[in-house]
Amino acid sequence: MDCSLPALRAPSPLIRYASYVLAAVTLLLVIEIHLLPTLLAGLLVFELVQTMVPLLGRRISGDRARVVVVAALGAVVVGLLILLILGAISLFHNEIGNPQLLWQEQLMPLVEKARQQLPAMLVNNLPSSVDDLRVGAIELARKHAATLQLAGKGAVRAFVHIIIGLILGAIVALGRTRPAHQMGPLSAALSLRCQRLAEAFHNIVFAQIKISLINTAFTAVFLLGVLPLMGIHVPLAKTLVVVTFVFGLLPVLGNLISNTAIAVAGLSVSLGVGIAALVFLILIHKLEYFLNARIVGTQIRARAWELLVAMLVMEAAFGLPGVIAAPIYYAYLKCELEAEKLI
């Protein structure tokens with residue numbers, strides 16, 4: 001990763017260090033005031049525009065190319081939101097079916113199979129009938145009603161922040177950046193910090209998308225191809241494929257989360273399927289490390305264990321947002337340290 005983005009005029013050490021402090025405070029504040037979705041959405045749109053404009057610039061002018069790309073991205077975002085809603089409804093009907101039959105035909109059989117394979121101490125805590133399962137779920141929802149309500153409000157707020165981030169990213173991408181020689185020294189230094197953050201985001205996110213797509217393809221072949229050919233149908237297989245892609249966007253840790261869900265689903269069918277799924281997941285997990293070493297590692301020159309340590313530290317400090325931000329923040333930190341020739 002090339003972190004030596006040039007500036008026409010080098011700022012004084014005091015200005016440079018001040019820009020580092022301001023950048024660090026801003027990045028931490030983004031997590032503290034829950035603006036991480038806005039930042040990520042804005043960076044995503046900005047990088048997509050920056051990547052696609054040179055391709056169109058050969059045919060039309062740079063300014064028009066930016067307008068065309070932003071307009072196309074807007075249409076794509078709206079289309080994806082519509083497809084996401086329709087896809088979620090379709091997936092719900094196909095995978096779950098009639099909600100009235102959900103308890104009897106899908107959830108209760110899983111519980112029964114678990115009762116046959118788990119130790120007696122755990123079996124005694126499982127519901128013995130559909131009514132017990134339904135009552136337990138209703139009681140659990142009643143006890144945590146306030147938490148569920150807050151989670152719903154948080155999801156709506158995050159969605160609004162993402163939309164705002166998409167708009168801001170498009171506005172920044174459309175804006176014409178002043179040349180460095182027309183900026184003040186602090187503005188030029190902060191602009192360089194932003195460029196390196198965008199570079200780190202591009203390297204870590206686009207590389208992780210490639211990894212997630214590869215892992216999802218292997219998972220789809222296993223769950224929707226190999227097992228059905230053997231007469232084995234894992235419950236919620238299509239949902240598990242979607243989960244694999246979504247969580248696969250999170251380096252290292254996301255693969256472990258999706259793997260756990262697949263292993264549990266395999267055990268719900270039989271012990272043999274669970275073992276087969278476990279063997280498959282071990283192979284995929286090894287592939288994950290190989291892909292991280294080849295794709296992510298070559299982009300930011302970081303090993304998988306470095307990213308995992310960064311994610312653990314950020315999770316301890318900021319919770320789930322810290323886990324999501326850790327790979328990008330770590331890539332940016334390495335970029336700045338390399339530019340200063342400290343590592």
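Leaving out neighbours within four places in sequence, Gly274 is in contact with Gly266 and Leu267, where contact means heavy atoms within 4.5 Å. Gly274 sits in helix α11, which covers residues 271-300; helices are DSSP runs of H or I with at least four residues, strands are E runs of at least two, and both are numbered from the N terminus. Between the C-alpha atoms of Gly274 and Ile262, 12 residues apart along the chain, the separation is 8.6 Å.

A word on the model before we go on. It is a predicted one, with local features needing pLDDT of at least 70 and side-chain atom pairs counting only at pLDDT 80 or more, while totals for chains, interfaces and linings use all residues. Residues are numbered from 1 along each chain as its sequence is written, and side-chain values use heavy atoms, with hydrogens and water left out.

Is Gly274 buried or exposed? Its relative accessible area is 6%, so Gly274 counts as buried: the cut-off is under 20%, with exposed over 50% and partly exposed in between, using a 1.4 Å probe and protein chains only.

Now turn to helix α7, residues 145-174, where Ile167 lies. Ile167 is partly exposed, because its relative accessible area is 47%. Ile167 also belongs to a nonpolar surface patch of about 630 Å², together with Val156, Phe159, Val160, Ile164, Leu168 and Ile171. Patch residues have over 30% relative accessible area and no salt bridge; like charges are joined within 9 Å and nonpolar side chains (Val, Leu, Ile, Met, Phe, Trp, Tyr) within 5 Å. A salt bridge puts a side-chain nitrogen of Lys or Arg within 4 Å of a carboxyl oxygen of Asp or Glu.

Stepping back, the protein chain has 13 helices and zero strands. Of its 343 residues, 33% count as buried.

Methods
Areas by Shrake-Rupley, 256 points an atom, 1.4 Å probe, with all protein chains shown as cover.
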